[in-house]
Amino acid sequence: MMHHGEYKVVGGKLVVVDLDTADEVITAASLNGDFFLEPDDALEDLNAALTGLRTDASHSTIRDAVTARLREGAVMFGFDADAVARVVRRALGHATKWEDHDWQILGPEIIPVVEQVALDEVLTRQIAKGERKPTIRFWDWDESAVVIGSFQSLRNEVDSQQAEHHGIKVVRRISGGGAMFMEAGNCITYSLYAPESLVDGMSFADSYPFLDSWVMEALAKIGITAHYKPLNDIATAAGKIGGAAQKRLANGAMLHHVTMSYDIDAEKMTQVLRIGREKISDKGITSAVKRVDPLKSQTQLTRGEIIEVMMDTFAQRTGAVRAELDEKSRQAARELAAAKFDTEQWTARVP
């Protein structure tokens, strides 16, 4: 059988592979693309490294075979062994591209924040069971809340007295990362639910800019030049505008979500969140207030208008169509919120 795969390295070059296989083994390989490789005949090493591998070889097996076979002193420009492994896995059908999936967009709908985080678990598990098409969902809410990461300490991250004083509910989500300060209309949050094959072989660090390349394009359309600041911060020249978090389930589904500040009250945020000096020690700033630069200060568009640009851009990039959240999923989220996410046992699981 013949197989063809393509992969555009984030910030790098296009890598293409053509494979022949027989009896579940790669019998011939031809890597090509607009990358650079020195010396020229090192390409023979890459092709030879792939020949003889099983068609079900893991990403790490392919990557290590390429690394081991590449001659001493050879240099790869615009791609690397991980990129080769990724394009081979794509050619063999183990890794997927955006356009391989039939995407849906769920627009903003006012839902309590505790049910929002419950929906993240419900919809991700639906992906794992094959009950849902890959989906991007934009949040909306009409309350004040802090959403802490799965592994954060409740008392170390949140000033409970200030949270109670300001009427702010504290909720814990299933993904890692930092706290999200969420008042009605103050930020833009979306969740992406997809098969893990979309990020096959990618580290979390590599997958963040890959999964959010479309949103960088959307921001550029409204005059905002943004970039990823490792590991998971989205920033502009003026400062941080958001952050991402991710959860990969053992059954092959992935949750990726982002929160970007639109019109955040940074003073109140620092009263409620315990953002210490250690947290910002590597940011080159002395004040947590100065760390955040809301989107509203960089554009004249309303929050709703920015979300529309984002949804349109995602649709253009992926072919996604707009859909409605079904009542069965809403009810499942209500029940999961009551049983798990709205309980002290879950919220204070890391005291």
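Which helix lies across β8 and β9, and at about what angle does that helix run to β9? Select residues 113-129 to find out: this is helix α4, and its direction makes about 10 degrees with that of β9. Keep in mind as you go that this is a predicted model.

Now show the strands. β9, β8 and β10 form an open sheet of 3 strands in the order β9-β8-β10, with mixed pairing. At the edges are β9 (169-172) and β10 (180-182), each pairing on one side only. On average, neighbouring strands here are turned by 20 degrees against each other, direction ignored. Next, pick β8, residues 145-148, which pairs with β10 in the antiparallel sense over 3 bridges.

**The nonpolar cores**

Move on to the largest nonpolar core, which has 69 residues; L50, F79, V88 and M310 touch the most other members. Helix α3 gives the most to this core, with 7 residues. Centre on F79: leaving out residues up to four places away in sequence, F79 touches V9, V15, F35, F36, L37, L46 and V84. Then select V122, W139, L336 and W346, which are among the 29 residues of a second, separate core.

**Helix α7 and its cover**

Finally, select residues 204-211, helix α7, and colour S207, Y208, F210 and L211, which are buried. What covers them? Show α3 (81-91), α8 (213-221), β11 (187-195), β12 (227-229), β14 (239-248) and β15 (253-261), which are included in that cover.

Technical notes
Residues numbered from 1 in each chain as written. Predicted model: local features only at pLDDT ≥ 70, side-chain atom pairs only at ≥ 80, totals over all residues. Heavy atoms only, no water. Buried < 20%, exposed > 50% of the residue type's maximum accessible area, 1.4 Å probe, protein only. Helix = DSSP H or I, 4+ residues; strand = E, 2+ residues; numbered from the N terminus. Contact = heavy atoms within 4.5 Å. Core = buried A, V, L, I, M, F, W, Y, C linked by side-chain atoms within 4.5 Å. Pairing = 2+ DSSP bridges. Axes fitted to C-alpha atoms, helices over the stretch in contact; angles between N-to-C directions.
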